[in-house]
Amino acid sequence: MAVSLQTKYPLRPITNIPRSYRPSLLRVRVTCSVTTIKPQPNREKLVVEQHIVKPPLSNNHTLQSTKPQPKREKLVVEQRLASPPLSNDPTLKSTWTHRLWVAAGCTTLFVSLAKSVIGGFDSHLWLEPALAGYAGYILADLGSGVYHWAIDNYGDESTPVVGSQIEAFQGHHKWPWTITRRQFANNLHALAQVITFTVLPLDLAFNDPVFHGFVCTFALCIMFSQQFHAWAHGTKSKLPPLVVALQDMGLLVSRRQHAEHHRAPYNNNYCIVSGAWNNVLDESKVFEALEMVFYFQLGVRPRSWSEPNSDWTEETEISNNQA
């Protein structure tokens, strides 16, 4: 960029500049200051101010630019600071409210189971309630996969009704091991609330043993799916032998199968009850097809196309915290 110079006196060669000042006639001083603006949880702003300073020249010679110099440049960089929950983090602990919700959910499940068993005895039905219960178990795994895929890929913490679960699942993907340190009632209370409000009206309205055979099994698997999920992140040596046996038989989602969900490309093995549907859904690319439909029809990209980053890692240790 050409800059015209004006001088008070005719220009003459400058020969008496000390050697230490010869490398450059202009010096730049950069002053950086860090200021916290409107402190918010896990967020701060870094403000960098840059000043350009011209030192005076010797022998009464001054240089003036016809174009005014910028007075100040301010660079604002917003940083998101995130850290994994600590083992003693209160957000991982169970509260009495959590325990009461889990108790309420278990009560509604027990009533549904009792109606199925007692109704079966009274009507001499055995096979039908059992088959209905098996169907509930199978469909619960499918339902857990569809729901897991949806909240993993769409919405955020501001999404109505399920926003808190979306935020929790995103935190889980950044620090998968924290689910093993979350206490029992803390881990289940959100689903327990859903089960309570869903199953209780069904308990009051219906007495059919076949219907309740399906409802109690389906609802139980959904409510405890987060516990099955936590066991899938545990180490074999620290899990109860019965749990390990059920995982090895394929009745509960296995550690090896669910580990694939937390590896690139992070778009498979969403089912977390038994995992029986994972191969079917992944090989048929059902979720990939749904993602393409949503993208071309609604213009919404799933998170799995661009996430996660290198922070999504797995820790193998499991805590001994109990509810």
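## Overall picture

Of the 323 residues in this protein, 34% count as buried, where buried means under 20% relative accessible area, exposed means over 50% and partly exposed is in between (1.4 Å probe, protein chains only). Bear in mind that this is a predicted model, in which local features need pLDDT of at least 70, side-chain atom pairs count only at pLDDT 80 or more, and totals for chains, interfaces and linings use all residues. Residues are numbered from 1 along each chain as its sequence is written, and side-chain values use heavy atoms, with hydrogens and water left out.

The secondary structure comes to 10 helices and 4 strands; both are DSSP runs numbered from the N terminus, helices being H or I with at least four residues and strands E with at least two. Reading from the N terminus, the order is β-β-β-β-α-α-α-α-α-α-α-α-α-α. Among contacts with a separation of 6 or more, 70% come from residues 24 or more positions apart, a contact being heavy atoms within 4.5 Å.

Two packed helices are described by the angle between their axes and the distance between the axes. Here the axes are lines fitted to C-alpha atoms, for helices over the stretch in contact, and angles run from 0 to 180 degrees between N-to-C directions.

Take H2 (residues 127-153) and H5 (residues 209-223): they pack at about 30°, with axes 7 Å apart. That makes H2 roughly parallel to H5, since angles under 35 degrees count as roughly parallel, over 145 as roughly antiparallel, 65 to 115 as roughly perpendicular and the rest as oblique. The H2 and H5 crossing is right-handed, meaning that the near helix is turned clockwise from the far one by less than a right angle.

What about H4 (residues 184-205) and H5: how far apart are their axes? They come within 9 Å and cross at roughly 170°, so H4 and H5 are roughly antiparallel. H4 also passes H5 in a right-handed crossing. Leu188, Ile195 and Asp203 are among the H4 residues involved, and H5 residues there include Phe211, His212 and Val215.

His212 of H5 is buried, at 0% relative accessible area. Beyond its neighbours within four places in sequence, His212 touches Ser112, Lys115, Ser116, Leu202, Asp203, Phe206 and Asn207. Its C-alpha atom is 7.7 Å from that of Pro129, 83 residues away along the chain.

## Charged pairs

Side chains of opposite charge can pair when their charged atoms come close. A search of the whole structure turns up 2 salt bridges, each defined as a side-chain nitrogen of Lys or Arg within 4 Å of a carboxyl oxygen of Asp or Glu.

| Salt bridge | N to O distance |
|---|---|
| Glu260 and Arg263 | 2.8 Å |
| Glu288 and Lys285 | 3.9 Å |

Glu260 is partly exposed at 36%, and Arg263 is partly exposed at 43%. Glu288 is partly exposed at 33%, and Lys285 is partly exposed at 45%.
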